[in-house]
Structure formats: structure tokens, C-alpha cells
Amino acid sequence: MADDAYQFCKIYLRSAELPEVMAMLAKLLEGKFQRRSMQLAELTLDVVKNPDAGMIDDFVCWPTFVELEADDGATNEWITGIAARIITAMWDAGIPAVAACSFEDQLPWCGGIARLNP
């Protein structure tokens with residue numbers, strides 16, 4: 001990993017069911033899930049039900065999130081590109097998505113937050 005700052009990203013999703021999200025991601029990334037995890041060439045992706053869902057009215061309490069964790073050989077461009085593809089695909093499907101990571105400013109709509117707060 002060239003830069004630890006790009007190793008992890010969490011993408012919060014509003015009003016999305018796990019099977020729907022997993023099906024969309026499997027098609028988008030041309031991968032297969034084992035339970036709720038997908039292993040890509042340089043990245044592990046997990047789809048998780050948010051245990052904090054509904055606690056407050058903020059994106060960090062949306063019902064579902066996708067965790068991206070880069071492997072040691074991953075480049076910053078790889079994880080940034082995957083995160084951007086996921087955010088864009090979710091918004092295109094009508095599912096608001098907001099990323100929480102150190103590289104949000106390099107993602108579409110500043111990680112999705114700018115689309116919520118124009």
C-alpha cells in the first residue's frame with residue numbers, strides 16, 4: 001500500500017436492503033459475494049447492516065454501509081476508483097450514498113455529501 005490514508009472507506013447507504021445492494025455491487029464489480037463479503041484483486045468489500053441505524057438523523061445512521069479495505073498491494077487510484085464507482089452507481093439507482101474516508105474530496109460530489117447539501 002503506497003499510502004495508508006487510502007486504505008479504508010465506509011460508504012453509507014440510505015433505504016437500501018442488503019440483498020439489493022449486494023446484487024448491484026456483484027454486477028457492477030463483476031464479483032461474487034461469500035456471505036456479505038466480496039474479494040476483489042486488491043480490495044475486500046463488505047456489505048453491513050448498520051447497528052446505529054436510526055439513532056440520529058445523519059448519514060452515519062443510515063441503515064446500510066459498504067466497507068472497503070485495500071490490500072497491501074493496492075494503489076490509491078484503485079480504492080478511489082472503486083469507491084467512486086460505488087457512489088455513482090448507488091446515486092444512479094436512486095439510493096443516496098455518502099462516503100466517510102480520508103479521500104472524500106477526490107470522490108464524486110465530495111463523497112456524496114455535496115449531493116445531499118447542494
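This short talk goes through the sheet, the helices and one loop of a predicted model.

Before the details, a word on conventions: residues are numbered from 1 along each chain as its sequence is written. Because the model is predicted, local features need pLDDT of at least 70 and side-chain atom pairs count only at pLDDT 80 or more, while totals for chains, interfaces and linings use all residues, and side-chain values use heavy atoms, with hydrogens and water left out.

Let me start with the sheet, which is open and has six strands in the order β2-β3-β4-β5-β1-β6, with antiparallel pairing. Its edge strands are β2, residues 33-34, and β6, residues 97-100, each of which pairs on one side only. Helices and strands here are DSSP runs numbered from the N terminus, with at least four residues of H or I for a helix and at least two of E for a strand, and two strands pair if DSSP finds at least two bridges between them.

Strand β1 pairs with β5 in the antiparallel sense over six bridges, where L13 has T64 as its bridge partner. On β6, strand β1 again pairs in the antiparallel sense, over four bridges, and here K10 stands opposite A100. How enclosed is β1 by the rest of the structure? Five of its six residues are buried, so β1 is largely enclosed, where buried means under 20% relative accessible area, exposed means over 50%, and partly exposed lies in between, with a 1.4 Å probe and protein chains only.

Turning to the helices, α1 and α2 pack with their axes 11 Å apart and at an angle of about 125°; axes are lines fitted to C-alpha atoms, for helices over the stretch in contact, and angles run from 0 to 180 degrees between N-to-C directions. The two helices are therefore oblique to each other, a class left over once angles under 35 degrees count as roughly parallel, over 145 as roughly antiparallel and 65 to 115 as roughly perpendicular. In terms of residues, V21, M24, L25, L28 and L29 in α1 meet I82, R85, I86, A89 and M90 in α2, contact meaning heavy atoms within 4.5 Å. These contact residues divide into nine nonpolar, no polar and one charged, with Ala, Val, Leu, Ile, Met, Phe, Trp, Tyr, Cys and Pro counted as nonpolar, Asp, Glu, Lys and Arg as charged, and the others, Gly among them, as polar.

Finally, which residues does T88 contact, leaving aside its neighbours within four places in sequence? They are P108 and W109, while T88 itself has its place in helix α2, residues 76-92, and is partly exposed, with a relative accessible area of 27%. W109 belongs to the loop between β6 and α3, the latter being residues 113-116, and at 32% relative accessibility W109 counts as partly exposed. Its phi is near 55°, a positive value in a residue other than glycine. C110 lies in the loop between β6 and α3, and C110 also has a positive phi of about 55° although it is not a glycine. For context, most residues other than glycine have a negative phi.
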